Protein chains: 2
Amino acid sequence: MKTIVSSRGINRRTLMTALAVLPTMSGSLLSLSAQAQTAASGDALASWNDGPAKQAIVDFVKATTVQGSPKYVAPGERIATFDQDGTLWVEHPMYSQVMYCLDRVPAVVARKPELKNVEPFKTVMSGNREAMAKFTMKDLEAILAATLTGMPVDDFNAEVKKWIESAKDPRWKRPYTELVYQPMLEVMKYLRDNGYKTYIVTGGGQDFVRVYSERVYGIPPEQVVGSMGGTKLGYDKEGNAFLTKEPKLLLNDDHAGKPEGIHMMIGRRPYAAFGNSVGDQQMLEYTGAGAGARLMMLLLHDDAKREYAYGPAQGLPATKVGVFTPALYEEAKKKGWTVISMKNDWKRIFSFE
Amino acid sequence: MKTIVSSRGINRRTLMTALAVLPTMSGSLLSLSAQAQTAASGDALASWNDGPAKQAIVDFVKATTVQGSPKYVAPGERIATFDQDGTLWVEHPMYSQVMYCLDRVPAVVARKPELKNVEPFKTVMSGNREAMAKFTMKDLEAILAATLTGMPVDDFNAEVKKWIESAKDPRWKRPYTELVYQPMLEVMKYLRDNGYKTYIVTGGGQDFVRVYSERVYGIPPEQVVGSMGGTKLGYDKEGNAFLTKEPKLLLNDDHAGKPEGIHMMIGRRPYAAFGNSVGDQQMLEYTGAGAGARLMMLLLHDDAKREYAYGPAQGLPATKVGVFTPALYEEAKKKGWTVISMKNDWKRIFSFE
């Protein structure tokens, strides 16, 4: 969750300059024969416009899965990892999990009334969204610990399930789970259809995402890697064993924590990695440092009309969402990572469009 | 690794009494119709003698996988977990991983000569096995930290691969990986053929077991849950990202750590769990506390001729291997767990027999 408050302002001109060279860079990566094969992905990537991003995906899959290819990858090794917030679904103006935590505060206060007059709970109870937007990392950590831990795993799962089925995004008035990017669902399915095992690797809570990952992304709980808290074994009155969520962070699955989480949970270096911010940078570096064909992609939120255009350059608060910095863009350019322009590369963004 | 040195002496009479009622207990769990179906497992469990243990496995698979069964389990939920040392392969007289660590000490001392005169390294270098057998938990931890951490993940994997392909068990004069129990390989395959995802859940090092798990057990690295250490991201001269193993324990995957590791790595409660010692007790309790049909099995090492008969009752040092205590046996009896007698239930133990 570090990205919530850790970003710094950046220079708008630098970003704009960087963006200007985008088509040139990606275009140079294409071979003519590869371009001719775009059609082969057929309807699998139907929500993608023809262009360098779609082409990079198709080329990668062909290079790693066609028998006899010099960059062929054995099925068991085919691992693809996806950041969630801002890569698979909308993260603006606030991570859904943070919304969940804020929504849970009244229940926590009802159970522990002494918190009512203690910050940051007092502010949350006041409903003052403007004041909440100014929360420090320490405030957020207190809210996260109070709302995500101290309860049996099964109770937590039931609460999240109930919330995720009813809570709605204020702009689209739809459940958060409908605000997943259709083109990314298509990439995940296309990769799976070609023998890839797809994983979510999120800075968000592993247990939170697991509740809906299968239904929403077709990714089972065991293929969700996220920030992990400890659990404690206990026994109920009948002697039945159960686990309680503890306020103990075992892994902050963000920045350098992403490769660490990948090693811990998967044990192999991915061949493809998708992200959208500096929190994903190390995951893409780790993926790209492997031998053979590797696919590293970054989603750029540059579509203010259909979704959002954000980052400090757009004048939006950098404290709310992951940041695509000029430095990250420079690294992408230097290392041959592909930047996906939401505006240019995506025919449609949501399945309901 | 706690089981190496944490056991206490037990009363031989208590264990013998407990063992005496074994056939009665397991027999009472059988229904006639289930007995009639044993043949249906066909050759899948060819190394098992007909009896309550084999029957329990077949009954469980039928109950959970036959469409229309009241205890039917959807394929995605079919999770089976297996302890490794003493459950899937020989653990006596010493865990293979401890053998690996002892074998690695000379290389560590060559790199850091100052350790030559420091205990416990001095004793290891002396080759005095008798003195090594008296190592305390603290001694072992120092050896484990020195030999399993402080190197890049890729180097570690290469070292373990080299060792596991050449090191041999002193009794059978065969690689450790040939000392896996053929009946357990059959159970794992039988479960997989019936839609179960099989996991290793070991107190041993997760990274260590992952090196050979696919080749030996047909279990890919991402389905190995074990004691986990932290890693640290770094960059080589060319700027390529890589991970180094750190001497920081994130999870001791033994005793209560097993359910915790299962939650962290799988996120669902298993339907079947196999173990052989008090270190597996909580994993079986956690599995058994779930609704519907659950299979909990404990392997009893009671075959001194073909493998080993051990535990304090047999006069063997309790400090060396996992312990099947009378209390554990009592719990198995009370909760309807099935005890596998190596001597009576297994037609053959190793594939080379």
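**Reading the sheet**

Analyst: In chain B, seven strands make up an open sheet with mixed pairing, ordered β4-β3-β2-β1-β5-β6-β7. Strands here are DSSP runs of E, at least two residues long, and helices are runs of H or I, at least four, numbered from the N terminus. Two strands pair if DSSP finds at least two bridges between them. This is a predicted model: local features need pLDDT of at least 70, side-chain atom pairs count only at pLDDT 80 or more, and totals for chains, interfaces and linings use all residues. Residues are numbered from 1 along each chain as its sequence is written, chains are lettered from A and ligands numbered from 1 in the order written, and side-chain values use heavy atoms, without hydrogens and water.

User: In which sense do β5 and β6 of chain B pair, and over how many bridges?

Analyst: Strand β5 (residues 272–275) and strand β6 (residues 295–300) of chain B are paired in the parallel sense, over four bridges. In β6(B), B:L295 is the bridge partner of B:A272.

User: How many residues of helix α14 of chain A are buried?

Analyst: Buried means under 20% relative accessible area, exposed over 50%, and partly exposed in between (1.4 Å probe, protein chains only). In helix α14 (residues 281–288) of chain A, seven of the eight residues are buried, among them A:M283, A:L284 and A:Y286.

User: What rotation superposes chain B on chain A?

Analyst: Copies are superposed by least squares on the C-alpha atoms of residues with pLDDT of at least 70 in both. Here the rotation is 180 degrees, with 0.0 Å of shift along its axis and an RMSD of 0.0 Å. That is the relation of a two-fold axis.
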